[in-house]
Each structure stands twice: as C-alpha cells, then as structure tokens.
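Here is a short report on one protein chain. It starts with a single residue and then turns to the whole chain.

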Amino acid sequence: MRVVSTQKSQILAIGIAKSLGLDFVPTIYSRFPDGEHYLKTGRLDGETIVVGSLTDSDSLVQLLLLLDACEGSECTLVLPYMGYARQDKRFNEGEPISARAIAGALGRMACRVITVHVHEPKILVHFRVDATNVSLGREIGSCLASRGLENPIILAPDGGAVGLARSIGSEGGWETDHLIKTRLSGTEVKIAPKELDVKSREVVIVDDIISTGGTIVQAAMMLREQGASSIHAICVHGVFASNAYSQLKEAGISEILASDTIESGLSKYTAAEGIARAIEGC
Ligand code: R5P
C-alpha cells in the first residue's frame with residue numbers, strides 16, 4: 001500500500017504515510033501551455049491512499065487526474081478538507097446540491113472515502129462507497145493543552161460546533177459553552193447576545209472552519225465586552241479567505257490555530273494520526 005497526494009496536501013500525506021509506516025510516492029505536477037493540469041505519479045501497487053484537500057477548482061482537477069492515474073489500484077480517497085460541502089442542500093430553486101455533485105464525481109473513482117470534520121456528515125451517503133468522517137477532538141485537546149492556558153472556557157460559536165467543543169472540553173477537563181449564530185449571507189453573521197461566565201478568563205473559540213473569520217470576529221466582540229482576559233481561536237480547516245487573518249488579529253484574537261488539512265503557517269497540529277487511525281479501522 002502506498003500514499004500519493006495532490007500538490008497542496010503533500011505535508012499531510014507524508015505525515016499519514018509515516019504514521020502508517022508506508023511509502024509516499026512523489027508526483028510531478030505541471031501544466032500544459034493552455035493552463036490545463038498535467039501530473040505523473042510513480043509506480044503503484046495493489047492499494048493506494050490518495051490524499052487531497054478540496055480547496056479550489058485546481059485541487060479538484062488534480063484529485064480527478066490523480067484518481068484516474070491510480071486506475072487498477074484499489075483507492076482509498078482521503079479528503080482532509082472537503083470544499084463545496086457547505087452547499088449541502090438546495091437553499092433556493094435552481095441551485096445545485098454541490099456536496100452531492102462533488103461526492104458523486106469523486107466517489108465513483110474510489111473504493112473508500114475518509115473525510116475530516118466534513119461540514120455535514122449526512123452528505124457522506126453521496127459518495128456511494130464506504131465513507132468515514134474523522135474527528136480531531138483529541139488532537140485539538142492536546143494542541144490546546146500545550147499552549148499552557150489557565151482554566152480556559154471552550155466556546156462553540158454556533159450549534160454546529162457544540163459537539164466539537166464538548167469533545168475538546170472533555171479531553172482537557174475544561175468547561176464548555178456555546179452561542180447561537182444566524183448566517184445573514186456568505187460574509188455576514190449575527191450572534192445572539194448571551195451572558196457568559198468569561199470575566200477575566202481565557203476563552204478558546206472553536207469551529208470546524210474559519211473562512212472569512214466573520215463568525216469568530218462577532219463572537220470575540222461579545223467576549224471582549226464581557227471581560228474575557230484573552231481570546232484564542234482554533235479550527236480544523238483554516239480556509240482564511242480574503243483578509244480573514246488580519247480581521248481576526250484586528251479583533252484582538254491572541255492566537256489563531258488550525259490543522260494541516262489546509263496547509264499554512266497557522267497549521268499548528270496535524271490530522272495525520274487521526275486519519276491513519278481511520279485508515280487502519282480503529
Ligand atoms: C458554519 O456553519 C461553519 O461551522 C463555520 O462557522 C463557518 O464556515 C465559518 O465561516 P466564517 O469564518 O466565514 O464566519
């Protein structure tokens with residue numbers, strides 16, 4: 001069994017290969033003169049683990065090409081970050097169910113799929129092959145424990161992140177709470193006022209994705225008003241669209257941490273062991 005990856009997921013893929021004691025097979029990525037993607041991977045045997053986060057259209061094309069290059073091998077597709085998963089239903093007439101379209105296209109080319117904190121686990125059925133969603137509560141708990149925070153409160157900014165906040169809280173024996181968020185548009189959110197027990201305390205806001213940063217910024221404003229001594233943000237998927245990072249710093253977030261499902265300078269913990277456990281079936 002060997003591991004291959006798309007261009008932007010190489011660090012995580014090598015980490016997964018190491019965790020499993022497998023070889024990582026390098027791939028050459030380039031483009032044709034008209035801009036089309038080209039790739040060439042090495043020799044593969046019976047089973048292949050294909051790792052690639054879906055962060056943009058280029059990564060989707062590379063994933064399709066890589067899966068095709070692995071024809072004849074039994075493929076486990078690891079999608080550490082599954083973009084397009086947030087359009088998991090038809091919100092308005094005429095819209096696609098993007099998560100279904102993407103899962104259908106990729107699932108046809110793999111025997112098994114592994115996702116990490118996919119936005120809505122219900123969409124896994126659209127892969128039409130065995131699909132497992134990995135949770136990184138343990139990894140986030142250890143990452144936070146290493147920051148030396150004192151009696152922090154772990155805060156979910158919306159109902160969707162409550163499960164994650166609770167699993168992190170139970171890892172470290174930390175108190176958890178949550179807010180109620182309404183999304184007004186792709187870039188705007190409103191958070192309902194709520195009195196929290198945060199006066200002079202360190203608060204960690206936890207979310208599956210930080211995209212525009214709007215959710216964390218709104219939550220941070222409320223926490224500041226209520227006297228939190230410091231505010232930290234940790235997510236699984238650090239999308240950091242547009243000027244999200246500077247917005248978060250401007251809002252006074254002391255530390256912003258993410259995993260390597262989307263590799264960046266803010267990737268401070270790895271999803272590799274969690275994914276390796278899922279591949280091994282434990
Ligand atoms: C939404 O339900 C997700 O869990 C995140 O809260 C959301 O994607 C964050 O987006 P943004 O950073 O743009 O507020």
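Threonine 48 sits in strand β5, which covers residues 47–51. Strands (E, at least two residues) and helices (H or I, at least four) are DSSP runs, numbered from the N terminus. Threonine 48 counts as buried because its relative accessibility is 1%. Buried means under 20% relative accessible area, exposed over 50%, and partly exposed in between, with a 1.4 Å probe and protein chains only. Leaving out residues up to four places away in sequence, threonine 48 touches Arg2, Val4, Cys70, Ser73, Glu74, Cys75 and Thr76. A contact means heavy atoms within 4.5 Å.

This is a predicted model; local features need pLDDT of at least 70, side-chain atom pairs count only at pLDDT 80 or more, and totals for chains, interfaces and linings use all residues. Residues are numbered from 1 along each chain as its sequence is written, and side-chain values use heavy atoms, without hydrogens and water.

Now the whole chain. Its secondary structure comes to 8 helices and 16 strands. The C-alpha atoms fill a box of roughly 60 × 45 × 35 Å along the principal axes. Among contacts with a separation of 6 or more, 63% join residues 24 or more positions apart.

| Item | Value |
|---|---|
| Helices in the chain | 8 helices |
| Strands in the chain | 16 strands |
| Buried share of the 282 residues | 49% |

What is the radius of gyration of the chain? The chain has 19 Å, which agrees with the value near 19 Å for a compact globule of 282 residues. This radius is taken over C-alpha atoms, and the globule rule is 2.2 Å times the number of residues to the power 0.38.
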